[in-house]
Amino acid sequence: MKLKFRIDTFQLYRTGIAIGIALLLGYIIIFFSKIPSDAASLWEGVRAGFDNANEAFKWFLLGPIVRWRGNEMLFNERGAIQWLNESVPIIITGLAVSIVFSAKQFNIGAEGQLFMGAVAATFVAVHFPAIPVLHPIVVILTAMVTGALWAVVPALMKAKLKASELVSSLMMNYVALYMGLFLIKTFIRDTKAGSLVSLPFAATAQLPFINERYRLHIGIVIAVVSAVVIWWILRRTTWGYQVRLIGDNINFAQYSGIATQSVVFQVQVASGAVAGMAGTLEMIGYYDRFLWLFSPGYGWDGIIIATLARNNPLFVLVAALFFSYIRVGAKIMGRNTDIAPEIVSILQAAIILLVTAEAFLSGLKQRSIEKRARKVEEALTGREVK
Amino acid sequence: MKEMHSDTGVSILEMRDIWKVYPNGVIANANVDIQVRKGEIHALLGENGAGKTTLMKILFGFEHPSSGKILYDGKEVAIASPHKAIAMGIGMVHQHFMLVPSLTVAENVLLGMEPKKGLSVGMAKAFEIVRQAGNQYGLSVPVEKKIEDISVGMRQRVEIIKTLVRGANLIILDEPTAVLTPQETVELFKALRILVDRGKTVIFITHKLNEVKQIADRITVLRKGHVVGTAEVKDMTQVEMSRMMVGRDVEMVIEKKPAVVGPELLCVKKLHYVREDKVAVLNGVSFSVRAGEILGIAGVEGNGQTELVQIITGLLSPSKGDIAVNEKVMRRLNPKTARKSGMSHIPSDRMVRGVALESTVEENVISDRYFKKPFSAYGIQSPRKITRFTKGLIDQFDIRVDSSKRSVKMLSGGNIQKVVVAREFTAGAKIIIADQPTRGIDVGASDFIRRQLVEERDQGVGVLLISADLTELLEVSDRILVLYRGEVVAHFDEVEGLTEETLGEYMLGIKRMSEDDLKGYSQETATDKEGMER
Ligand SMILES: Nc1ncnc2c1ncn2[C@@H]1O[C@H](COP(=O)(O)OP(=O)(O)O)[C@@H](O)[C@H]1O
Ligand SMILES: [Mg+2]
C-alpha cells in the first residue's frame with residue numbers, strides 16, 4: 001500500500017510556481033503604477049501601462065546579461081560580472097545558515113559573525129607582512145576563526161545555560177556591529193578619508209582577478225567550491241550524518257549513542273567559520289578597504305536562501321545566484337526607467353512566503369496522492385474505484 | 001458475508017464508501033461501509049494498522065475523509081471537527097487519554113464546558129454534578145482526587161463520564177482494554193452493559209476476540225483498510241473471526257526450549273528515582289537478567305517501567321542505586337556507553353526515539369554503528385556498503401518497503417517497528433531491553449518479533465521484556481516480575497501455570513508477596529528511605 005511518489009519534484013514545481021506568481025505580481029504592480037494619470041482615454045492609459053511594464057521587465061529580466069546597441073542584443077559583461085560578484089557573500093552566508101539549519105538549530109548570528117570576521121580580517125589585510133599568495137589566505141583564515149569564535153558565545157550559552165540560541169545569536173549581531181565599528185574607528189581608521197573607512201589594504205591581500213576590467217575576483221570560485229565541499233561533508237561523512245540525524249530527530253540521535261550536545265556545538269562553530277568569510281571575500285576581492293557603516297544584511301539573506309534551498313548546499317548555490325540576479329536586474333531597471341529597484345523586495349517576500357507556506361498547493365499534492373493511491377488500490381484488488 | 005440491509009434494528013449511524021489517504025500515501029480506509037444500530041455494542045475488529053482508529057477519527061471529526069458519506073440518525077452530516085461531533089451526540093475515548101494530570105477528576109470532566117448563564121460552578125457543586133453523572137451509569141469515581149493519583153482504570157471511567165456529561169448517545173471506545181488488567185476489564189464491561197441498557201450505543205474497537213465474544217452484539221471486521229464483513233457475534237466462532245481478521249489461520253504458539261541460563265549480564269541494584277515534581281517513581285528496585293533467559297516485567301502502565309528502562313539504557317540518571325553490566329558497575333551510563341557495553345534497546349515510544357521519520361531506512365538502521373567498518377572509513381561513509389547491508393536486513397526481517405532509500409515515515413506502523421527491531425537485533429548485543437516491542441503492530445509482525453526474542457535468548461542473549469500485553473508476557477518470558485508503584489511486588493521463577501488473573505491481582509496492588517518471598521528483589525530498607533529524603 002505504499003506509493004512511488006517523489007515529493008521532491010513537487011517542491012520543485014512549487015518553487016517554480018511561487019516564482020512565477022511573484023513575477024506576475026511585480027508586473028501587475030508596475031503596470032498599475034505606470035498608467036499615466038493624464039492619459040487621453042482608458043484604452044490609451046492601459047496601453048501605456050503595458051508598454052512601460054514591458055520595457056521595465058525587459059531591463060529587469062534580461063538586463064544582467066544583455067545590453068542593447070540599437071536593436072542588436074549584446075552580452076552584458078559588466079552586468080554578468082556584477083551578478084556573480086554580488087552572489088558571493090550570499091552564497092557563503094546561505095551555506096553557513098544551511099549547516100546550522102540542517103541540525104535544526106536556530107542560530108541567526110551569521111550577520112554578526114561575518115561582520116566581526118571582516119573587522120578582524122581588515123587588521124590582517126592592512127598590517128600583515130605582505131607575502132603574495134599567503135596574505136589573502138591568512139586574511140580569510142583570520143575571518144573564519146573570528147566568525148567561529150563569535151559563534152562560540154551563543155553555542156556555549158546554549159550548551160551550559162540552556163539559553164535560546166535564537167535570542168543570544170541575535171544579540172551578538174548588535175554587539176558585533178557596534179564593537180566592530182568602534183575597533184575600526186579607534187585603531188585603523190584612514191583619517192585622510194572623508195568618511196569612516198579603514199586604511200587601504202596591502203596590495204598583496206587582494207584576491208586574484210579573473211576579469212580585471214570589471215573586477216571579477218575568484219570569490220565566486222571559492223563560493224562554488226565551498227558549496228560542493230559542504231554538500232559533500234553533510235552528505236557523505238559520518239560527521240554530516242550525525243548532523244542530519246540530529247536535525248531529523250535529536251531524541252533518536254541521542255538514543256542511538258550520538259554525543260548530541262557536542263555535535264550541536266561543533267555545528268554552530270563550523271557555521272560561524274563559514275559565515276566569517278562572507279564579507280571578507282567581497283572586501284579583499286572587490287573593494288580595497290573596510291567601508292561598511294552599517295550591517296550589510298548578508299546574514300539575513302543567508303537565512304532566506306537556506307530556507308528556499310531547503311538546506312541543501314547545492315541548491316543554496318542556485319538560490320543565491322537567483323536572488324543576486326533579480327537584484328542586479330532591479331538595479332539595472334532602476335537606472336533605465338524611473339521604477340524604484342526596491343520593488344525586488346516585494347518579489348523576494350512573495351517568493352519566500354509562498355515557498356514556506358506549507359498549505360500553498362498542498363491540496364493539489366494531496367489530490368494527486370489520493371489519485372495514485374486509488375490506482376494502486378484498483379490494481380491490487382481489481383475492483384473499480386470511484 | 002455482507003448483510004448491510006437485513007437490519008432489524010434502527011440504525012443510528014451509517015458510514016458509506018469511506019476513503020482515507022494520509023499525506024504520506026498510506027491508504028488507511030478504502031471503500032469502507034459500516035452500519036451501527038441504536039442500542040447495540042458494535043465491535044470494530046481488526047489487526048493493528050487495519051484502519052480502525054482512522055475510521056473512528058473520521059467519525060469524530062478528528063480526521064477528514066478523502067471521500068465518503070456519513071449518515072447520523074438517518075440524516076447526511078458533515079463532521080468538520082470534534083466540536084461538531086460532540087454537539088451531535090458523539091463521544092470518543094481515545095487510545096491515549098486526554099486528561100490533565102494535575103487537575104481533579106471533576107475539573108477534568110467539566111473542563112471547557114460553559115457554566116450555566118450567570119453563575120459559575122462552585123467546587124462543591126462541580127463534585128456533585130460529576131458524581132451524579134457517574135452514579136447514574138454505575139461509574140463511580142473519586143471526584144475530588146487528581147488524575148495523576150488515580151489508576152488507569154479510573155481514568156478511563158473519567159473519560160467515559162466526560163463524554164456522557166457532554167450528552168453523548170454514541171460512544172466510541174478505542175481499544176479500551178489494552179491498558180487494563182483482567183479485573184478492570186470485567187468492571188468496564190459491566191459499565192458498558194449499563195450504558196446500552198440506558199439507551200446509549202457503543203462502538204468498541206479491539207483486536208481481542210474473546211472480548212468480542214463477551215461483550216459485543218455485532219461486529220464489523222476491517223483488514224488492511226477494507227471491510228471484510230459484518231456479522232452477529234452469536235453466529236460466529238472465535239476461529240472464524242480470527243480468520244476474517246487476519247486473512248489466514250494463525251498459528252500462535254511459540255515453541256520454546258527450556259532456558260539454558262548463563263552468567264548474570266545485567267544487574268539492577270536498589271534503584272530509586274524521584275521525579276522533578278518530587279514524586280518517587282522507583283522505590284528500591286533490584287533484579288538481574290542472566291544470559292539465555294527472558295525476564296518479563298508486568299505492571300499497569302505508569303508504575304515506573306518507563307523510568308526503569310530509561311535508567312538502564314542511560315537516558316536518565318537514577319536518584320540512587322546502580323546498574324551493573326557483566327558484574328561491572330556502570331559509572332558514566334549514557335546511551336553511548338550502554339551500547340558499548342553490549343546493550344541494545346527497543347524503545348516503547350518508537351516515533352519519538354526509535355526512528356528518525358524523515359530519514360531513510362538506510363540512515364535509520366546504521367544509527368548505532370555508522371562509525372564502524374564497513375559503514376564508513378576515516379570518517380567517510382561507504383554508501384554502497386550501507387545499501388547492501390540495509391537490503392540484507394530488509395530481506396531478513398521482511399520489511400515491506402520498495403527501496404532502502406525510502407524515508408521511514410512512508411512505512412506502516414508494523415514495518416517501522418521492524419526497522420527498529422532489525423537494527424537492535426543485529427547490534428551484536430548481549431543484553432536486549434525490549435520495551436513494549438509489539439505494541440500497535442499487526443499479528444504477523446508481532447509474532448515475528450516474539451520469535452526473534454526467543455531465538456536471541458537461545459543464542460545466549462539476556463532479554464528484559466517490558467510489556468502491557470499479559471498474553472505475550474506469559475508466552476515469551478522465563479521469569480516474571482510485577483512492578484507496582486515503583487516496587488517489585490511479586491516475582492515468579494516459573495511461568496508455567498501462571499494466569500493473567502493472578503498477575504492482574506498483583507498489578508492492581510490487591511496482593512503483594514511478603515518481604516521474605518521477595519528477598520533479593522525489593523530491598524527497601526529504612527536507610528534507603530532516609531537517603532531519599534535528602
Ligand atoms: N497520521 C497518520 N499519518 C500517516 N499514516 C497514518 C497516520 N495514522 C495512521 N496511519 C497509518 O494508517 C494505517 C491505519 O492506522 P490506524 O487507523 O491507526 O489503524 P488501527 O487503529 O486499526 O491500528 C496504518 O498503516 C498507520 O501506520
Ligand atoms: Mg488504533
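Contact, as used in these legends, means heavy atoms within 4.5 Å. The views show a predicted model, in which local features need pLDDT of at least 70 and side-chain atom pairs count only at pLDDT 80 or more, whereas totals for chains, interfaces and linings use all residues. Residues are numbered from 1 along each chain as its sequence is written, chains are lettered from A and ligands numbered from 1 in the order in which they are written, and side-chain values use heavy atoms, with hydrogens and water left out.

**View 1. Chain A as a whole.** Among contacts in chain A between residues at least 6 apart in sequence, 73% join residues at least 24 apart. The chain holds 15 helices and 4 strands, where helices (H or I, at least four residues) and strands (E, at least two) are DSSP runs numbered from the N terminus. Along its principal axes the C-alpha trace of chain A spans about 80 × 70 × 35 Å. Of the 386 residues in chain A, 50% are buried, a class defined by a relative accessible area under 20%, with exposed meaning over 50% and partly exposed in between (1.4 Å probe, protein chains only).

View 2. The side chains of A:Arg289 and A:Asp190 meet in a salt bridge, with 2.7 Å from N to O; the term stands for a side-chain nitrogen of Lys or Arg within 4 Å of a carboxyl oxygen of Asp or Glu. This pair links distant parts of the chain, 99 residues apart, with A:Arg289 in the loop between helix 11 (278-285) and helix 12 (298-308) of chain A, and A:Asp190 in the loop between helix 6 (165-187) and strand 3 (209-211) of chain A. Both A:Arg289 and A:Asp190 are buried. Over all chains, the count by this rule comes to 44 salt bridges.

View 3. In chain B, 6 strands form an open sheet of mixed pairing in the order 6-7-8-3-9-10, two strands being paired if DSSP finds at least two bridges between them. Strand 6 (90-93) and strand 10 (226-232) of chain B stand at the edges with a single partner strand each, so one side of each is left without a neighbour in the sheet. From one strand to the next, the twist averages 15°. Strand 6 of chain B runs parallel to strand 7 (residues 170-174) of chain B and is joined to it by 4 bridges, and B:Ile90 stands opposite B:Leu170 in strand 7 of chain B. Helix 5 (residues 152-165) of chain B lies across strand 6 and strand 7 of chain B, at about 170° to strand 6 of chain B, where axes are lines fitted to C-alpha atoms, for helices over the stretch in contact, and angles run from 0 to 180 degrees between N-to-C directions. Helix 8 (residues 238-246) of chain B lies across strand 3 (41-46), strand 9 (218-223) and strand 10 of chain B, running at about 35° to strand 9 of chain B.

**View 4. The surroundings of B:Thr313.** B:Thr313 is placed in the loop between helix 9 (305-312) and strand 14 (320-325) of chain B, and counts as buried because its relative accessibility is 4%. A polar atom of the B:Thr313 side chain lies 2.8 Å from the backbone oxygen of B:Val309. Not counting residues up to four places away in sequence, B:Thr313 touches B:Asn334, B:Pro335, B:Ala338, B:Met343, B:His345 and B:Ile433.

**View 5. The interface of chain B and chain A.** In this interface, 49 residues of chain B are in contact with 32 residues of chain A. The two chains bury about 3,500 Å² between them, 55% of it on carbon and sulfur atoms, buried area being the accessible area (1.4 Å probe) that two parts lose on being put together, summed over both. Across the interface the rule finds 1 salt bridge, and A:Arg244 forms a salt bridge with B:Glu363, the closest N and O atoms being 2.6 Å apart. Helix 11 of chain B gives the most to the side of chain B that touches chain A, with 4 residues.

**View 6. Salt bridges within chain B.** B:Asp349 and B:Arg353 form a salt bridge whose closest N and O atoms are 3.9 Å apart; B:Asp349 is partly exposed, with a relative accessible area of 26%, whereas B:Arg353 counts as buried at 12%. In the salt bridge of B:Arg406 with B:Asp402, the closest N and O atoms are 2.9 Å apart.

Note on methods
A polar contact is a pair of N or O atoms within 3.5 Å; within protein, one must be able to donate a hydrogen and the other to accept it, and residues adjacent in sequence count only if both atoms are side-chain atoms.
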